Amino acid sequence: MAKGKWIGAALGWILSGGNILGALAGYCVGSLMSDASQGTDSRSNEYDANGHSSSNFYNEAPFEETRNSFLFSLLVLSSYIIKADGKVMHSEMEYVRNFLRHNFGENAVPQGEEILKKLFEKMNQEGMPIFKETIHRSCVEMSFHMSEGQRLQLLNYLVTIAKADGSVSSEEILALNDIALHLNLTLQDVESMLNMGYSYSNNQSNTQPQNNLVAAYKVLGILPSATDDEVKAAYRKMALKHHPDRVASLGEDIRKAAEEKFQEINAAKEAIYKARKM
């Protein structure tokens, strides 16, 4: 995708409603236009004074609009998660760069970085309490436009960003819970995703504290005291909720990411079944 094109496609979806996401997009694009007018980038020819694109993004195929709107939403929420503990970690930014590179091409990396930079600047200017209100309203809009499967995958990316530096701070957990609730998801969704990515073996030689069967139960959202029937019901619910086909409209690469999450759910189920000899 051409440099700067994906943000045009995102604007085609979010500016039309005059909503808070549209305002954020307008702020970011306006700032980028200002930079471009100073000769820093050729993107000055891609937008008019109102943030409208000369590349005719309103004619983008629905598939591209869906993908690019998902990306812009991810960047907006990523800015909140990355700064939740008061500092920008290199590992978290590198995860975002790799995501952009893998899913949208090398040209999307500097564009995404610039948008994150503008969002961080806006956060600093307004202060976190006011910016948090903006995040809340953005999440409500996302919950209106996105399916549950898409919102769950969005949350999964945010959890992965928070885990990128090897630990998740209490501030990041609070921010993830905050986003989940305003996306009309649950705190259990957050806890489940935080416990994915571990070995569910009880092997005592493994020194990571969460690498045990307890994490597997948390992935399925149940307690170790659950009955076998409750385990089976919890797995069926999770399998339906997180099936990769629910995000197929976002593209094969994002579907594959959802598939990895789905495999984690299956691995947790298998560990519990094995421990219970089910």
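Guide: Let's start with Ser-79, which is in contact with Leu-116, Leu-119, Phe-120, Met-123 and Phe-131, leaving aside neighbours within four places in sequence. Contact here means heavy atoms within 4.5 Å. This is a predicted model, where local features need pLDDT of at least 70, side-chain atom pairs count only at pLDDT 80 or more, and totals for chains, interfaces and linings use all residues. Residues are numbered from 1 along each chain as its sequence is written, and side-chain values use heavy atoms, with hydrogens and water left out.

Visitor: Why does Ser-79 count as buried?

Guide: Buried means under 20% relative accessible area, exposed over 50%, and partly exposed in between (1.4 Å probe, protein chains only). Ser-79 has 0% relative accessibility, so the buried label applies. Ser-79 lies in helix α3; helices are DSSP runs (H or I, at least four residues), strands too (E, at least two), numbered from the N terminus.

Visitor: What makes a set of residues a nonpolar core?

Guide: The members are buried Ala, Val, Leu, Ile, Met, Phe, Trp, Tyr and Cys residues, joined through side-chain atoms within 4.5 Å. The largest such core has 75 residues, and Leu-77, Leu-176, Ile-179 and Tyr-200 touch the most other members. Helix α3 (residues 62–82) gives the largest share, ten residues.

Visitor: Why does this core lie between domain 1 and domain 2?

Guide: Both domain 1 (2–36 + 66–197) and domain 2 (209–276) give residues to the core, so it lies between them. The domain bounds come from an automatic or database domain assignment.

Visitor: What makes a space a cavity, and what makes it a pocket?

Guide: On a 1 Å grid over the protein atoms alone, a cavity is a set of points where a 1.4 Å probe fits but cannot get out, while a pocket is an open set with protein on both sides within 12 Å along at least five of seven lines; lining residues have an atom within 4 Å of a point. Grid points are joined across faces, edges and corners, and a volume is the space filled by probe spheres set on the points. By this rule there is one cavity of 30 Å³ or more. The largest cavity has a volume of about 40 Å³, and the largest pocket about 450 Å³.

Visitor: Which residues are closest to the centre of the largest pocket?

Guide: Of the 21 lining residues, those are Tyr-95, Asn-156, Thr-160, Ala-257 and Glu-260.
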